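Here is a short tour of a protein model, written with pocket and strand analysis in mind. Have the viewer open as you read along.

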Amino acid sequence: MRTIKIFDSTLRDGEQAPGYSMNLKEKISIARQLELLGIDVIEAGFAVSSPGDFASIKAISEEIKDSSVASLSRAVIKDIDYSWNAVKEAKNPHLHIFIATSDIHLQYKLKMTQEEVLERVAESVKHARNLCGSVQFSAEDATRSDRVFLRTVFQTALDNGATVINMADTVGYTTPQEMSSLVKYMKETLVSNSPFDISVHCHNDLGLAVANSLAAISAGADRVEGTINGIGERAGNAAIEEIVMNLYTRKDIYDACTKIDTTRISTVSKRLAMITGVPIPPNKPIVGANMFAHESGIHQHGVMQNRQTYEIITPESIGLKENKMILGKHSGRHAFEEKLINMGYLTLTKEQIDAMFTAFKSLTDVKHTVNDKDIEALIRGTVSNVPELYSLDKYVINSGNVLSNTCNIRLMHKGKDCVDGFATGGGPIDAAFNAVNDALKMDITLIDYRIESVTGGADAQGAVSVKIKHNDKIYKGYGVNINIFEASIYAYLNAINNIFYETNL
Ligand code: KIV
Ligand code: ZN
């Protein structure tokens with residue numbers, strides 16, 4: 001059976017999509033999860049694109065040992081030097097270079113001739129290979145490119161030392177039949193003195209990203225690229241969990257496996273949704289909440305007799321466990337830590353567990369039993385936590401339908417200096433956010449506000465996610481509390497603290 005390599009672009013192609021940005025700590029936490037999952041290559045970012053990207057690729061390179069760490073570069077020497085400086089401390093560094101190859105991209109975007117593209121490929125791959133032993137060359141919009149030219153581009157990359165050639169279906173245009181024939185054509189016609197991998201990178205505009213990736217595997221591709229939960233530009237990238245579980249479930253068809261520990265899929269998928277604040281659709285294959293839910297009587301009856309009547313994968317195979325340990329007021333730190341391990345959260349630091357345990361104890365004062373969803377909300381609060389430059393001291397909100405909504409607030413700066421604010425608003429939460437703005441005299445626009453109940457029941461915690469805009473950049477914030485006004489203020493302050501955290505990197 002062949003082993004297919006998995007290249008993960010959650011932190012690059014995924015993170016660059018609107019609404020999915022992550023800060024340094026969040027990216028490191030996802031990278032650790034990807035390493036535990038068994039990903040072969042983690043693409044940690046696009047080093048030249050921003051100082052933040054550079055810093056996070058460097059930090060991930062220093063942290064990750066079991067996966068290769070890659071940085072993306074255009075076929076430009078400066079980009080490659082940035083990428084190399086970001087990944088060179090990694091145990092297994094990987095340089096990823098791309099240039100478009102389709103006529104439409106050459107004419108309108110690059111304004112280059114085919115000859116000029118070939119020169120760039122040769123020059124950039126050679127430069128990268130002098131720096132690093134592992135160099136991937138990707139043809140952007142490969143599936144809309146002239147096949148013979150595409151082959152010449154890949155041959156040039158191989159002649160100059162590329163170790164992987166990657167065909168990107170950048171706009172999700174191809175079909176499984178077409179992808180299969182393209183991979184076979186490259187396998188039959190490309191030549192090299194050294195071994196090289198053939199890889200594909202599929203987008204999901206027509207809903208075929210996973211099908212096209214699987215077709216490529218059947219045609220002989222050695223490696224596929226994708227993202228967790230399929231996040232990415234427009235309709236997203238191929239969802240890694242879907243590709244992996246197809247190979248796992250249909251070994252009879254594909255005769256191929258991966259190094260992925262499938263029992264970690266659920267944890268990493270949930271962690272990503274928590275961190276980005278973008279929920280997983282309930283009907284999402286493999287990781288959606290309805291994957292193992294059966295509503296129809298006929299289905300329920302079948303499942304009660306034998307789960308396989310209506311389930312082709314088991315909850316356990318993706319790491320879903322029935323959790324019998326209930327935590328409450330009397331649970332100690334040991335039980336709490338055991339619960340976290342049981343839920344698959346193996347990469348939390350001692351400081352993070354300390355902070356969560358304190359939050360857990362305060363929660364048990366107001367809530368008798370704390371379930372898995374409450375704990376996931378606490379984890380999200382801790383993982384996304386950045387240094388609290390500004391914190392909440394106290395507030396009073398007045399609201400009703402016979403008076404105007406007002407908020408008096410006192411914030412603490414670095415835990416010692418008081419900063420006061422007062423404001424009115426269209427509603428109590430608007431008044432609270434305006435009061436924070438009044439206290440800090442900052443120009444902030446609220447872009448998005450979402451609230452959800454963590455669990456059912458009258459004593460449920462409210463989890464608030466906000467997005468704010470400051471100096472044309474968007475920052476996320478998250479807060480959880482049994483009092484939804486307080487959860488909202490925490491979320492707003494978390495987003496503001498993120499501004500300072502990200503700008504001081
Ligand atoms: O979709 C695309 O073309 C890409 C390349 C950089 C591989 O993401
Ligand atoms: Zn892409």
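How many bridges join β13 to strand β14? The two strands run antiparallel, and 8 bridges join them. Strands here are DSSP runs of E with at least two residues, helices are runs of H or I with at least four residues, and both are numbered from the N terminus. Two strands count as paired if DSSP finds at least two bridges between them.

Before going further, please note that this is a predicted model, in which local features need pLDDT of at least 70, side-chain atom pairs count only at pLDDT 80 or more, and totals for chains, interfaces and linings use all residues. Residues are numbered from 1 along each chain as its sequence is written, chains are lettered from A and ligands numbered from 1 in the order in which they are written, and side-chain values use heavy atoms, with hydrogens and water left out.

**The strands**

Between β13 and β14 lie 6 residues, and the two strands form a hairpin. V396 has N408 of β14 as its bridge partner. β14 (residues 405-413) also pairs with β15 (residues 417-425), again in the antiparallel sense, over 9 bridges. There, N405 stands opposite G425 of β15. The hairpin of β14 and β15 has 3 residues between its strands, and K414 takes a positive phi near 50°.

**The pockets**

A pocket is an open set of points on a 1 Å grid over the protein atoms alone, where a 1.4 Å probe fits, with protein on both sides within 12 Å along at least five of seven lines; its lining residues have an atom within 4 Å of a point. Grid points are joined across faces, edges and corners, and the volume is the space filled by probe spheres set on them.

The largest pocket holds about 1300 Å³ of space. Its lining has 39 residues, and K270, I280, A289, K373 and E376 are the closest to its centre. Elements giving two or more residues to this lining are α12 (265-276), α16 (372-383), β16 (445-453) and β17 (462-470).

The second largest pocket has a volume of about 660 Å³. Of its 25 lining residues, A359, G381, N385, V480 and Y490 are the closest to the centre. Two or more residues each come from α15 (350-366), α16, β13 (390-398), β18 (473-481) and α18 (484-503).
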